[in-house]
Every structure is written in C-alpha cells, then in structure tokens.
Amino acid sequence: MECWVILAAAFVTALAQNNRNDGPRFLSRGHSFRTVVGDTLLLPCQVQNLGSLVLLWRRGPAVLTAASLMVTRDERFRLVDGYNLQITDVGPQDAGDYVCQISDRIARDQVHTVEVLVPPSVRASPESRHAAARRGGAAVLECRAAGNPVPNVIWHKMNDTSTRLAEGPQLQLSRLERQHSGKYICTVDNGVGPPIVAEFQLQVLYPPEITVDRSWVHSGEGFRAELRCSVLADPPAEVLWYQNSFPLSASERITMSVRGNNHTLLIANVQPEDFGNYTCVADNSLGRARQHVEVSGRPGAARFTSSPLAGSRTSYTLSFTVDSYPPLDELRLLYRQLAINESFQQPGRWHDVVLPPPSRPTSLTHHVTHELVGLQPGAVYEAIVQAKNRYGWNEVSDIFQFHTLGGSHSVHADELSPMFSSAAIHRLMTSALALALYTLAG
C-alpha cells in the first residue's frame, strides 16, 4: 500500500514539473463584442504559466498596457483581475481589434473585435423644422440620420401614421395644395435605443378662398339677419364686409365677429335700407376673393311636404310651406300631367291656379294646403309654386312630382324623376310661370 502512495506522489510531482516547463498559454479565447455607446466593456485575457514574460495589450501599432503598467493616457482604460482590459464610457472611436500579446519569441496573441453600436441621431433640414411654399410649388424636408447600424428613416404625416409617405432621408412634395399644410414626422430607428422622431411644420401659402352658408338670406323689418362666410387663406386674410359696394362698420345694429375661419355679420332690427347685396371680401399678400350674399324680405322658396302618392284616383291634396316675415299677398300654383311610357315623358299643358294667401301665421313659416280635383286616374303630375309678399316674388320652387291611384299602369313614388336637370327645370318653370302671369295679366 505504501508503495502505491509513493508512486502517485511522484507522478503528481512530475506532472507539475512538466506544466512549469510547457511555457505560457491562453486560457481565454478571442471573441467579437457588440456594445452600446456609453457602456462599460471588459475584454478578457487570462494566461497560464506566464512566468517572467510580459503581457501586452495593443490596438493597432499603439501599446495600451505592458505587464501591469498603463501605457495609454486614456483614463477610461484599466486592467481588472489580472490582465483583463476594461473600457468605460465606450465611444464610437473605440471600435476595432484589441490584441492581448505574450512578449516571447513566438509572439503569441489573442484578438478581440469590438463593434460599437451607436443609437440614431438626426440632422434636420431646414434646421428650424419649418418650411413654407406656395400652392402649386414644391417642398423638400430632410432627416439626415447617423448611427450604427445605419438607421432606417420613414416619413408620415401627423395623425396619419398608417400611411407611409416615403423612406429615406428626404421627403419631396410637389404640386402643393392647401391640404398639404400640416405637421410631418420622420422616424429614425436602427434598433439601438428608442427611435428618434423629428417633427416638421409645412406651410402652404395660397390666396383667400371664400364659401358662404347661404347666398340668399331672408329677413323682415324689425327682425334680424345673419350672414356668414368662411375664409381660408395663408397667410391669414383681412376680411371686410360691404353693402352695395360701400364698406360696413360696426354700429348699434351691426356687429361683426370672427370664430376660427368663420366671419359673421349680424344685423339686428332690420330696416328697409338694410335689404340689398352684401359682399364678403378677403385679402392677403397673394390675392383677393369675394362672395356675395343678398338680404331680402321676399319669401323663401316653397318646400313641398305632401306625399308623392295621392290618396284617391281623381284628386290630390298638395301641401307646402313658405317662410316669410311679412304676410303673403299672393300664391301661384302651376301643375300639369305627364304622359309616361317606357321610352319618353310627354308633358301636358300647365294649369295655373291662384291660391288665397294663408291667414297671418304666428311664426315665420306659412303652411298652405290645396286640393286638386278632376285629375286623371293612374297619372303622374308635376307642380311648382311661387309666393309674393310686399317685397316681391320669391324664387320658383323646385319641381315636385306626384301621382294618382288607379289606371292600368301603376307608378311607384320612388320611380318618379324630373324630366330635366335641376337647372333646366328652374329655367323652364320660371319661363312658364312668367308666361302664365303675363297671360293672366292680359
């Protein structure tokens, strides 16, 4: 037993002696490191049997350390737990190959490759992040991105991130229109840290554009009239109101207000001299626009309220309303039959009816009902109405079609349609009514 113990001890002693004579060797291995700017990086270098040899850290031709001596003056570098090289506050300039080298005749070394990941950064153009261009022109917004890996740049319009406008450093917009105004964003991302979002404001310059709520405003003496126009312009426009080409100023009865793009002219306690033509005029450095509104005491156009389907074969109850502040003096109704087959509509002659004005209503709206008798069964008719008060006749109403019950051919209400366009109908009805009035007057 003692013999085996002596042999084992001798073997261990011989093995230890051989290891001391083998020379230095690396216990760590070369590796590729990816680190982010600002982080701390540790590059391992573990050596066995270094003996009296010196261990060097090199980067290219520059020596960083020799044994335990720090050769580099960069205080971010230091040796940790022997010969491991630690770099704090890593920067883009620290990328590259680092060599841990044993200074013997063989010059054995171990190489670590460092890649420094850099979060994205952006240089915007224009630097103010505000661009202005005229309507019909072009604008270029730019996000020059830097980082490692190379960042992706994606463009969207604010509040519409689902629509990708472009990819890359430039967003080019041409044939600009008013709706192109607004905020645009470029999103820069390379997977290192959070994405960067740069915001731009694009201003499309254009002359004023005006729309009016109503081109005809009905009122009466002692009542009020409200005129509104909506003005879009960039740069903002100066808005003035005119009556019959004369500028208006605020007074006890006339007030002017602005809310956003809406400009309101309010006339209280309307007087006869307040009736007439008004103009909303908008000016900016690029041009001028105007829209006209008439304030009139004449009645509003009639609105039909009866059903297109008659309740009987030979008669029909026609109902309509007319807005008028003063009492109505006269009402005119014109109606005629349409002979309809599958290929054409042939109108008959107009019947002119003078209706008695309704009794003085308690509100602005006058309700009128009139029964037409002696009609043909299963026939289609059309009607128009015009009303008069002390300020004159109103505009001819829109054409209204209805049909009676019975007959061999049944027409459904949803199949009724005017013979002509609304503009043509208006011209025809006006001419027909004028002719009828002329004939009656004669």
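Is C143 buried or exposed? In this predicted model, C143 has 0% relative accessibility, so the residue counts as buried. C143 belongs to strand 13 and C186 to strand 17, so the bond ties together parts 43 residues apart in sequence.

A search of the whole structure turns up three disulfides. Another pairs C45 with C100, with 1.7 Å between the sulfurs; both cysteines are buried. Here the torsion is about -65°, so the bond is left-handed. C229 and C280 are joined too, at an S to S distance of 2.1 Å, but with a torsion of about 45° their disulfide is right-handed. C229 comes from strand 20 and C280 from strand 25, so this pair links parts 51 residues apart in sequence. Counted in sequence order, the bonded cysteines pair up as 1-2, 3-4, 5-6.

Moving on to pockets, the largest pocket holds about 210 Å³ of space. Strand 19 and strand 20 each give two or more residues to its lining. Of the 14 lining residues, R214, V217, H218, D323 and L364 lie nearest the centre. The lining splits into six nonpolar, two polar and six charged residues.

Then there is Q243, in strand 21, which counts as buried because its relative accessibility is 14%, under the 20% cut-off. The Q243 side chain reaches the backbone oxygen of E273 at 2.9 Å, while the backbone oxygen of D274 lies 3.5 Å from a polar atom of that side chain.

How values were computed: Residues numbered from 1 in each chain as written. Predicted model: local features only at pLDDT ≥ 70, side-chain atom pairs only at ≥ 80, totals over all residues. Heavy atoms only, no water. Helix = DSSP H or I, 4+ residues; strand = E, 2+ residues; numbered from the N terminus. Buried < 20%, exposed > 50% of the residue type's maximum accessible area, 1.4 Å probe, protein only. Polar contact = N/O pair within 3.5 Å; in protein donor to acceptor, adjacent residues only side chain to side chain. 1 Å grid on protein atoms, 1.4 Å probe; cavity = no way out; pocket = protein on both sides within 12 Å on 5 of 7 lines; lining within 4 Å. Points joined across faces, edges and corners; volume = space filled by probe spheres on them. Nonpolar A, V, L, I, M, F, W, Y, C, P; charged D, E, K, R; others polar. Disulfide = S-S within 2.5 Å.
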